[in-house]
Amino acid sequence: MDKIFIVANWKCNPLTLEEAKALLSGIKQRIKNIKKSAFNKIEIVICPPFIYLACFLKTGPYIKIGGQNCFWQNSVGAFTGEISPLMLKKMGLKYVIIGHSERRKLHKETDLLVNKKIKAALASGLRPIVCIASLAQLKNSLKGIDKTRDLIIAYEPLFAIGTGKACSVERAKKYRQKINFSQVLYGGSVKAENALDYVKKAGFQGLLIGGASLKDKEFAKIIKRFA
Ligand code: PGA
């Protein structure tokens, strides 16, 4: 059976390393009584800001760490301010979020750039979690990339991101049916209350969670829904 992905996107939070460590240990503490066998069916991925990554590598067997972004070239070199996907891979990461709507909006990332980043991440051996807000973005961001490649799509309708106005399960289900990939996550105002519906009723393979992943109690509650 394929695993259900529960991916935490911490975005530009929290403010200090101490708070980041406290959040992680709060999550670990709250999920420690989950039966070990439950982790055979859930993959928990936490994506903290880059500057905390190095302190997050020993998260134990049940939590994986991912990046929130990467450079579009699969190498190191004179790219001031960038983080190479190869660095993330060498650091031991397995996942990287690419094309999040906030990067598309705030950093003017185009489908073409997202496409290059996906290719670089794949070439580095990372598993991209590609965010899309529409079917056009899906098509253009994945141009020339084989459907059978090891990537995950995250459908995140813009109106639902960070607004508390989650997408209806019916609408999400319609989109899920149009996205011809085997692993597709739903993202946008996910909380413990609605988490299960996107998987059980709308047919998604997991969730990309922003705000609710910054509260250890709520995030652990979401995980427990699937345990
Ligand atoms: P949200 O964010 O859960 O706070 O809506 C989701 C995301 O931006 O990935």
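Which side chains meet in a salt bridge at 2.5 Å, N to O?

Guide: The model is predicted, so local features need pLDDT of at least 70, side-chain atom pairs count only at pLDDT 80 or more, and totals for chains, interfaces and linings use all residues. Residues are numbered from 1 along each chain as its sequence is written, and side-chain values use heavy atoms, with hydrogens and water left out.

The side chains in question are those of Arg 104 and Asp 111. A salt bridge here is a side-chain nitrogen of Lys or Arg within 4 Å of a carboxyl oxygen of Asp or Glu. Side chains of opposite charge can pair when their charged atoms come close. Both Arg 104 and Asp 111 are buried, where buried means under 20% relative accessible area, exposed over 50%, and partly exposed in between (1.4 Å probe, protein chains only).

Arg 103 forms a salt bridge with Glu 109, with the closest N and O atoms 2.7 Å apart. Arg 103 is partly exposed at 22% relative accessibility, whereas Glu 109 is buried at 6%.

Glu 43 and Lys 64 also form a salt bridge, their closest N and O atoms being 3.5 Å apart. Because Glu 43 lies in strand 2 and Lys 64 in strand 3, this pair ties together parts that are 21 residues apart in sequence; strands (E, at least two residues) are DSSP runs, numbered from the N terminus. Glu 43 is buried, with a relative accessible area of 4%, while Lys 64 is partly exposed at 27%. Through shared partners, salt bridges join Lys 3, Glu 43, Lys 64 and Lys 94 into one network.

Note on methods: Helices (H or I, at least four residues) and strands (E, at least two) are DSSP runs, numbered from the N terminus.
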